[in-house]
Amino acid sequence: MQVFYTPDIQTKNELPEEEAQHCTRVLRLTAGDEITLTDGKGYFYQATISAANNKRCLVTIKERTFQEPLWPCHLHIAMAPTKNMDRNEWFAEKATEIGFDELTFLNSRFSERKQIKTERIEKIVISAIKQSLKARLPKLNEMIDFNRFIKQEFKGQKFIAHCYEGEKPLLKDVLRKGEDALVLIGPEGDFSEEEVSKAIELGFTPVSLGKSRLRTETAALVACHTMSQLNQ
């Protein structure tokens with residue numbers, strides 16, 4: 001099933017230009033063809049193309065279907081982006097397929113990437129929700145300084161994954177089903193010891209993601225998978 005992302009479909013019966021071009025130029029769909037839309041806000045729409053050309057595609061909505069949330073809580077991953085953008089994009093795609101609610105990029109002390117453009121990441125996330133038949137678009141935040149981020153209010157469970165010695169239970173053993181959860185994932189060089197200490201002072205629980213030493217994007221995906229699986 002081909003799904004098109006149409007965030008304004010409730011007020012405008014027209015596909016965004018990029019989606020319209022894919023629909024008409026690539027898939028060569030024309031007036032009378034039936035398509036499926038999602039607004040990224042929890043709804044799918046069954047629609048018929050009413051008019052189409054190379055740049056515009058107008059539709060008539062036939063049916064709207066609400067997709068129940070995958071879980072009753074909010075799952076938030078906050079990670080320091082890797083130097084290699086391909087790895088950030090890989091994580092965003094796979095995490096969206098698995099399922100999560102919010103992604104924040106962190107600028108920490110040992111971060112090798114101090115800036116990140118989220119436009120490309122957003123396109124990948126949109127493509128992933130369509131591919132995995134999800135009607136909710138995860139929230140994508142711009143990069144923020146680590147120390148500023150950990151001071152923000154978050155009412156759910158808060159965890160920080162790091163590689164330093166010390167008592168660290170497995171995330172899967174301390175995560176509580178049905179509760180909002182936030183997990184911090186550090187850069188290739190890990191969080192600094194000072195950052196870990198500050199996070200713990202502010203209520204973050206240090207956790208382990210297993211015995212293997214993982215790359216940043218792999219660790220973030222393991223955390224995402226652990227949270228989503230527990231809450232299925």
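Glutamate 89 touches Arg120, Ile121 and Ile124, where a contact means heavy atoms within 4.5 Å and residues up to four places away in sequence are not counted. Glutamate 89 is found in helix H2, and at 15% relative accessibility this residue counts as buried, a word that means under 20% relative accessible area, with exposed meaning over 50% and partly exposed in between (1.4 Å probe, protein chains only). This is a predicted model, in which local features need pLDDT of at least 70 and side-chain atom pairs count only at pLDDT 80 or more, while totals for chains, interfaces and linings use all residues. Residues are numbered from 1 along each chain as its sequence is written, and side-chain values use heavy atoms, with hydrogens and water left out.

**Confidence and overall build**

- The mean pLDDT of the protein is 94, and 100% of its residues reach 70 or more, pLDDT being the predictor's confidence in each residue, from 0 to 100.
- The protein has seven helices and 11 strands, which are DSSP runs numbered from the N terminus (helices are H or I, at least four residues; strands are E, at least two).
- Along the principal axes, the C-alpha atoms fill a box of roughly 65 × 35 × 30 Å, and buried residues make up 46% of the 232 residues.
- Of the contacts with a separation of 6 or more, 75% are between residues 24 or more positions apart.

**Nonpolar cores**

- The largest nonpolar core has 30 residues, of which Ile77, Met79, Phe91, Val183 and Ile185 touch the most other members; such a core is a set of buried Ala, Val, Leu, Ile, Met, Phe, Trp, Tyr and Cys residues joined through side-chain atoms within 4.5 Å.
- At least two residues of this core come from each of strand S5 (75-79), helix H2 (85-98), strand S6 (102-107), H3, strand S9 (157-161), S10 and helix H7 (216-230), and H7 gives the largest share, six residues.
- A second, separate core of 14 residues includes Leu106, Phe146, Phe191 and Ala199.
- Isoleucine 185 has contacts that include Met79, Ala161, Phe191, Leu209 and Ala223, not counting residues up to four places away in sequence.

- Threonine 218 is found in helix H7 and is partly exposed, with a relative accessible area of 29%.
- Threonine 218 and tryptophan 90 are 128 residues apart in sequence and 9.6 Å apart in space, C-alpha to C-alpha.

**Positive phi in two loops**

- Most residues other than glycine have a negative phi.
- Leucine 133 has a positive phi, near 55°, lies in the loop between helix H3 (118-131) and strand S7 (139-140), and is partly exposed at a relative accessible area of 37%.
- Aspartate 190 has a positive phi, near 70°, lies in the loop between strand S10 (181-185) and helix H6 (193-201), and counts as buried at 10% relative accessibility.

**Largest pocket**

- About 420 Å³ of space lies in the largest pocket, a volume being the space filled by probe spheres set on grid points joined across faces, edges and corners.
- Of the 21 residues that line this pocket, His162, Cys163, Ser212, Arg213 and Leu214 are the closest to its centre; on a 1 Å grid over the protein atoms alone, a pocket is an open set of points where a 1.4 Å probe fits, with protein on both sides within 12 Å along at least five of seven lines, and lining residues have an atom within 4 Å of a point.
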